[in-house]
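Reader: I have a structure open and would like to talk it through. Can we start with the strands and move on from there?

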Amino acid sequence: MAAMRDLTFPLGIICLLFIRGYCPLPMSSEGMHPMGIHGPYAHSDKDSLVNDEDYSQYDDTTTRSSKTLIPSRGTLKQCDYDPCLEGQTSCFELAASSNCLCPGFTLNNMPPEAPKLSSVSWNGSEVVLQWCTPYSFVTAYVVTVGGQERQKFEEDRRSGGVGEVGNIAEVCVVAVNDAGASEGSCMMYHPRDNSLPLTAGLIGGALGFLLLLLLAVLLWRHKRQRKQEATISMHNTAETR
């Protein structure tokens with residue numbers, strides 16, 4: 001019991017020292033945190049204040065960069081561009097020069113989208129195609145007939161002739177650039193039947209011949225009837241005398 005009483009006083013002192021280490025103490029020198037933290041992580045109230053002037057220059061820089069790189073949406077408009085009109089400036093050049101928008105436009109590092117073939121017809125001397133360009137960077141158009149290349153046209157063309165096509169064939173137009181070629185836009189072409197005019201002429205000639213033959217028969221019968229009437233009239237006159 002005496003030993004326990006001797007240990008009570010030292011233990012009490014140790015407990016008081018332990019509790020005192022967690023209590024806020026006034027700082028005795030610079031660099032000490034109010035919570036007793038020392039070293040580089042200790043900051044004074046003066047250091048924790050943010051200088052507005054230091055950040056104002058960053059705000060100005062950010063604002064200028066935004067205005068320079070991102071134009072106002074109110075100033076952007078869709079380019080005045082008709083993909084089916086021949087001989088006009090490409091939408092890519094219009095967008096670069098007029099700061100307008102080309103909807104869904106793909107650049108020259110990607111193969112173009114497929115054009116839209118609108119018609120394949122015979123104009124009296126050759127087969128003519130008409131198409132609309134895709135919203136892509138295009139350097140040329142290639143026309144194939146039956147899977148074989150027939151003609152190549154410049155990027156501003158929207159129509160072109162491919163000569164005669166004697167048989168039923170699939171006619172396609174493909175857009176190309178340095179990155180590759182698009183899928184083909186195709187239509188089936190049915191050639192004109194050149195025998196129809198000849199057949200119509202033969203039928204018309206046969207009908208005309210039949211008509212002439214009928215007129216000749218009617219005229220012959222009319223003359224024969226008049227001749228018979230004249231003979232009967234002369235015979236009756238002779239009997240009367």
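Reader: How many bridges join strand β3 to β6, and do they run parallel or antiparallel?

Author: This is a predicted model, so what follows is computed from it. Strand β3 (residues 140-145) and β6 are joined by 6 bridges, and the two run antiparallel.

Reader: Which residue in β6 is opposite V142?

Author: V174 in β6 stands opposite V142.

Reader: What about β6 and strand β8, how many bridges there?

Author: There are 5 bridges between β6 and strand β8 (residues 185-189), again in the antiparallel sense. In that pairing, V171 faces M187 in β8.

Reader: And β7, how is that connected to β6?

Author: Through a hairpin with 2 residues between β6 and β7. The pairing of β6 with strand β7 (residues 180-181) is antiparallel and has 2 bridges. V176 is opposite A181 in β7.

Reader: Why is β6 described as largely enclosed by the rest of the structure?

Author: Because 8 of the 9 residues in strand β6 (residues 169-177) are buried, the strand is largely enclosed by the rest of the structure. Buried here means under 20% relative accessible area.

Reader: What fraction of the protein's residues count as buried?

Author: Of its 241 residues, 20%. The accessible surface of the protein comes to about 18,800 Å², with 58% of that supplied by carbon and sulfur atoms.

Reader: Back up a step. How many helices and strands are there?

Author: The count is 5 helices and 8 strands. Reading from the N terminus, the order is α-α-α-α-β-β-β-β-β-β-β-β-α.

Reader: And contacts, what share join residues at least 24 apart?

Author: 52%, taken among contacts between residues at least 6 apart in sequence.

Reader: Changing topic. How many aromatic pairs does a search of the whole structure find?

Author: The search finds 3 aromatic pairs. One of them is W131 with Y141, a tilted pair at 5.5 Å centre to centre and 50° between the planes. That pair links distant parts of the chain, with W131 in strand β2 (residues 127-132) and Y141 in strand β3, 10 residues apart.

Reader: Are W131 and Y141 buried or exposed?

Author: Both W131 and Y141 are buried.

Reader: Which residues make up the ring cluster?

Author: W131, Y141 and F153 are linked into a cluster by ring pairs.

Reader: Now G147. Where is that one?

Author: G147 is in the loop between β3 and β4 (148-154). With a relative accessible area of 61%, G147 is exposed, because the cut-off for exposed is over 50%.

Reader: How far apart are G147 and A169?

Author: In sequence, G147 and A169 are 22 residues apart; in space the distance is 8.8 Å, C-alpha to C-alpha.

Reader: Last thing, the surface. Which residues form the nonpolar patch?

Author: The patch consists of I203, L207, F209, L210, L213 and V217. Together these residues have about 590 Å² of accessible area.

Reader: Which helix is L207 found in?

Author: L207 is in helix α5 (residues 195-240).

Reader: And why does L207 count as exposed?

Author: Because its relative accessibility is 55%, and exposed means over 50%.

Key
Residues are numbered from 1 along each chain as its sequence is written. This is a predicted model: local features need pLDDT of at least 70, side-chain atom pairs count only at pLDDT 80 or more; totals for chains, interfaces and linings use all residues. Side-chain values use heavy atoms; hydrogens and water are left out. Patches are made of residues with over 30% relative accessible area and no salt bridge: like charges are joined within 9 Å, nonpolar side chains (Val, Leu, Ile, Met, Phe, Trp, Tyr) within 5 Å. Accessible areas come from the Shrake-Rupley method with a 1.4 Å probe; for residues, only the protein chains shown count as cover. A salt bridge is a side-chain nitrogen of Lys or Arg within 4 Å of a carboxyl oxygen of Asp or Glu. Helices (H or I, at least four residues) and strands (E, at least two) are DSSP runs, numbered from the N terminus. Buried means under 20% relative accessible area, exposed over 50%, partly exposed in between (1.4 Å probe, protein chains only). Two strands pair if DSSP finds at least two bridges between them. Contact means heavy atoms within 4.5 Å. Rings of Phe, Tyr and Trp (its six-membered ring) pair if their centres lie within 6.5 Å; planes under 30 degrees apart count as stacked, over 60 as edge-to-face and the rest as tilted.
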